[in-house]
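The following report describes how two chains are arranged and how they meet. Please read it alongside the model.

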2 protein chains.
Amino acid sequence: MLGGESKERAIHSSKLLYLLLITSISLNLYSSSSSLLLFLLPFGSAPEPWWTNPTSIEAEAVAAVRCSGHGRAYVDGIYVGGVPVCECNTCYGSADCSELSPDCPADADSGDPMFLEPYWMREAASSAVVLAGWHRMSYRMNNDAAAISAELVKQIRRLHSAVGNAITDGRFILFGAGSTQLLNAAVHALSPDDPSSPPANVLASVPYYPVYEMGTTFFNDRENRWGGTTSTWANKSDSSAAGEFIEFVTSPNNPDGHLKQPVLNVSSVITDHAYFWPHFTEIPAPGDEDLMVFTLSKLSGHAGSRFGWALVKDKKVYDKMSKYIQLSMFSVSRDTQLRALKLIKVIVEGSKVGGKDIFEFGYSTMNDRWRRLNDVVSKSNRFSLQSLSPQFCTYFQTIRDPSPAYAWLKCEREEDKDCEAALKAEGIISRRGATYNTDDRYTRLSLIKTQDDFEQLLQHMVALVSKESGPQVI
Amino acid sequence: MLGGESKERAIHSSKLLYLLLITSISLNLYSSSSSLLLFLLPFGSAPEPWWTNPTSIEAEAVAAVRCSGHGRAYVDGIYVGGVPVCECNTCYGSADCSELSPDCPADADSGDPMFLEPYWMREAASSAVVLAGWHRMSYRMNNDAAAISAELVKQIRRLHSAVGNAITDGRFILFGAGSTQLLNAAVHALSPDDPSSPPANVLASVPYYPVYEMGTTFFNDRENRWGGTTSTWANKSDSSAAGEFIEFVTSPNNPDGHLKQPVLNVSSVITDHAYFWPHFTEIPAPGDEDLMVFTLSKLSGHAGSRFGWALVKDKKVYDKMSKYIQLSMFSVSRDTQLRALKLIKVIVEGSKVGGKDIFEFGYSTMNDRWRRLNDVVSKSNRFSLQSLSPQFCTYFQTIRDPSPAYAWLKCEREEDKDCEAALKAEGIISRRGATYNTDDRYTRLSLIKTQDDFEQLLQHMVALVSKESGPQVI
């Protein structure tokens, strides 16, 4: 047992350890006030957590599982012998994800926004959320029938104001399970109420995100139908007999990254602003359209959380969209709303703070990828990329180079009519032009997946371009 | 050899050096999750939580806010002066929910399953969940395209096996945002694929849950239409020209609590087993229907989480339902799936364990409420309740008294044609018979809300029944 003096010294030493640790951490890493609080705890009178301890210990143990930087374990993953198994990035295997499979194709297919995962690992302390067992069990919230969090609405308005990408004044805010659901709700809400009216024609401009057409066709609503592309209608001298039109505008566009405007002069436009964040595009001015849809997926990278919101000017449209969400699933999960609140708070508080800004992180990652891919493709006569130029961005207050979410690759050779197949033959998985209702001479490469996915894509592209005139080209 | 004191000092010094070393290393490595582990090393093999601490401290501080047992504070609630505000139960007010409003009506309207909240407060330590900032950001799960947790599927199968209320062998399991979405998906999936077929007629037996009709009518799918009540069709000698039929069967039924079977001999039946848990009914045998729908809401009380599942026999129906969910919202939020996993694990592990069993808790609460309400109503000539008798339950392995989720109250007096209005005049809010497409001589009283709600209902009923023959009756 320690004597009095040594005990004093020991206590002093351990206090010193804590102080050094918190000084260092708070200076370099986790500067949020709440993370500071935790290290000061041993000196204060704040009660020790108790009922959160089992889940905290579990979460931290799982986070500490080593997956070689090529994977991660999850608390709801598969456990073998009481230990959670690493879920490895594409092409990586073995128990700790350390082995790269030699002949594995580069998968640039899906728009899975995993490029932001490292940001959230860095923001571990500020972004974690505890859900108490009794957290918001009710159908209702804030003691009224509203099923959406007033705090989350407030943070979303703050977010748009901080980023400058949408006007929220005079708009109703509506939540949905990802933007997908809100897009369906919008189509339904903008369709005619009168059963004697012909169904509305739902349209988009080529190349367009295929889910617009798939959803409209699948749900088979009597009040609307898929009407095809805007170009079909733009050339018709009189289309008034065809009924109402609903035009989807994706800005920036998926797949090509261009900022877009409606093509037809129609009353009902749904503006899909999923990618309208400084990660992917300049922000020339705040969005001011009648019906704008945003999603957490492409803002924070949390595709798995299924959270989106719509900003709606017209009360009648908002009410019909609300009823759609209500009869679809009553409301968005409170668990998701709580998490979205925490994540958006971190984003708002970190915006424009050096080293904390998710948009700085997102932009520099995406711009780096675009630049490196461009360097490779610019040496090729066989392939070309969409043309994007540096533009002034009101968020960064400077002219910024492009950083699109997707490369829209064109095969230039006469014989490469199927660009997706041409890449696939060389071990690159992409998404063919026909998916976006356009020429298969184009194919989409996703640039927003993990760093591993991107590096594999780049390696395969280097090898492919090298073949054009021998390995010395690159 | 070092003496005791010096040894302690040496350990502290070396810990200090080690700490400085890793702190400096961490500056270079902090963006990878495995580097987080480095901080834990100096504290030995049983690391103390650190990145979960800020959220744990916040959650525990909010849980410690005193709301007099008539409310609770939430981390995403409204804060005044940095302190979260109590959200009080119906009729309770003031900062700490201690004041009962004198002339407040008893609200027995909604089916908000708050009666289970005390169970989860008791199970605080086992039921809390931490969501790391980077938890399951991807669209995919378990490294394949499946967007549903394999662990959660496993636990749901264990749950049904422990409770004995559904056969899961040879069934596909599908997740949805509450049972509402799965019911819509089921209607769509059971409708004809062939556009030349007449739309399917969607039916239910009186009294029925109104959302079946509201959803079918609102979504206005070309492949189906609301066909009315089963009794309309049962008497028709030949209905083959009318096309296909889809019959909703709610068992036990909402509002009257009776176990039900299909009325028509049709091929497509959707069995809504929302209330088929030992809280509310005896379990005579496991459900074995072709398409069964369950919801977390009425199992654990987490209505706000929006989580349900379907057990589907037919692969084609399952596939079409899956596509419906996918095009509606891609998949169920991973945040919700993680929470559902934790809650269902607690339920499975506690089942049939004295003091831990949620069904024991749920049954004793509901049975107590039913018994007390029955005692009052049995003294009345003006009102009557549905007749439910004690039945053998395979879960409790004994004959159990009734414990329905709702009282289906009938006004017996000739002049009380509008039972809902009769109660409302005496300060009781209920849900009128017409809502369930039946006689307004009936009205529904919800028994599953908070204990406060139930006590207020009972007090008002006592007062109302007392009026029949003077205050001495009760």
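Which residues in α12(A) meet residues in α12(B)?

## Basis of the model

This is a predicted model, in which local features need pLDDT of at least 70 and side-chain atom pairs count only at pLDDT 80 or more, while totals for chains, interfaces and linings use all residues. Residues are numbered from 1 along each chain as its sequence is written, chains are lettered from A and ligands numbered from 1 in the order in which they are written, and side-chain values use heavy atoms, with hydrogens and water left out.

## The α12 contact

In α12(A), D335(A), T336(A) and R339(A) meet D335(B), T336(B) and R339(B) of α12(B), where contact means heavy atoms within 4.5 Å. The residues of this contact divide into no nonpolar, two polar and four charged (Asp, Glu, Lys and Arg count as charged; Ala, Val, Leu, Ile, Met, Phe, Trp, Tyr, Cys and Pro as nonpolar; the others, Gly among them, as polar).

Helix α12 spans residues 334-350 in chain A and in chain B, and the two helices pack at an angle of about 120 degrees with their axes 8 Å apart. α12(A) is therefore oblique to α12(B) (angles under 35 degrees count as roughly parallel, over 145 as roughly antiparallel, 65 to 115 as roughly perpendicular and the rest as oblique).

## Relation of the copies

Notes:
Axes are lines fitted to C-alpha atoms, for helices over the stretch in contact, and angles run from 0 to 180 degrees between N-to-C directions. Helices (H or I, at least four residues) and strands (E, at least two) are DSSP runs, numbered from the N terminus.
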